[in-house]
Structures are given as structure tokens and as C-alpha cells.
Amino acid sequence: QVQLVESGGGLVQPGGSLRLSCAASGSIFSIYAMDWNRQAPGKQRELVAGITSGRSTKYADSVKGRFTISRDYAKNTVYLQMNSLKPEDTAVYYCNARGIATSRDRFDSWGQGTQVTVSS
């Protein structure tokens with residue numbers, strides 16, 4: 001079983017910055033991708049940014065140039081640096097990890113979510 005624990009959310013003024021962290025633990029053999037997704041009230045969950053084991057990254061158009069995803073492969077941790085935050089970035093941010101467990105079964109795990117609120 002693989003667990004994800006997110007941290008770093010909070011209240012920030014427009015134009016401010018936050019850094020989210022997500023640490024994966026448990027019966028991990030390898031992780032081939034980690035993503036950040038978000039869900040705003042009344043909206044569907046959407047992909048914000050993702051990073052693979054090959055260090056390939058992808059971003060939603062709405063966050064390109066403002067958000068940066070990075071990963072500490074030794075710690076099985078993924079980060080999301082969010083700059084120039086806008087009120088429309090307000091959402092619950094969820095971490096997702098996909099990989100292979102020590103049992104050699106595939107896993108697709110989600111964190112519990114962390115609230116990000118951008119407001120003056």
C-alpha cells in the first residue's frame with residue numbers, strides 16, 4: 001500500500017507564492033509519474049502539472065510560466081512551486097502517484113488534498 005501526504009497549502013494574497021509538497025511512502029518499488037491536480041468548488045478535477053521518472057514535465061496552459069513541478073527521487077517527494085498566484089488558482093490540490101509496488105502490482109494513489117486559497 002502506498003500513502004501520499006500533502007502539505008504547504010494555505011491562504012495567500014494575489015501575486016503571492018506557495019510551495020506544496022507531497023511525500024510518498026509505503027510499499028514502493030518504483031514511481032514512474034507524480035502529478036498535481038486541483039479541484040475548485042463546482043468544477044471538475046483538472047491536471048495542473050506532472051513529472052515522470054525521466055524528468056519529463058507537463059503543465060496546464062493556465063499555470064505555465066507561474067508554476068514549477070520538481071521531484072526529489074531519493075525521498076519520493078514531489079513539489080509544486082506556485083508563483084504569481086491568482087484568485088482562480090483557489091482549489092483543493094491533490095497529489096497523485098503511479099508506479100510499481102514491492103509486490104510488483106501497479107499502484108495509482110492519491111493524497112487527501114491541501115487547500116489553497118488566493119484572496120485579498
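A disulfide is a pair of cysteine sulfur atoms within 2.5 Å. The model is predicted: local features need pLDDT of at least 70 and side-chain atom pairs pLDDT 80 or more, while totals for chains, interfaces and linings use all residues. Residues are numbered from 1 along each chain as its sequence is written, and side-chain values use heavy atoms, without hydrogens and water.

Select Cys22 and Cys95. A search of the whole structure finds one disulfide, and it joins Cys22 to Cys95, with S to S 2.1 Å. The link is left-handed, at -80° about the S-S bond. Cys22 lies in strand 3 and Cys95 in strand 9, so the pair ties together parts 73 residues apart in sequence; strands are DSSP runs of E, at least two residues, numbered from the N terminus. Cys22 is buried at 0% relative accessibility (buried means under 20% relative accessible area, with a 1.4 Å probe and protein chains only). Cys95 is also buried, at 0%.

Strand 3 and strand 8 pair over six bridges; Cys22 has Val78 in strand 8 as its bridge partner.

Finally, select Leu80. Its contacts (heavy atoms within 4.5 Å) include Leu18, Trp36, Val48, Phe67 and Tyr93, not counting residues up to four places away in sequence.

Conventions: Pairing = 2+ DSSP bridges. Helix = DSSP H or I, 4+ residues; strand = E, 2+ residues; numbered from the N terminus. Buried < 20%, exposed > 50% of the residue type's maximum accessible area, 1.4 Å probe, protein only.
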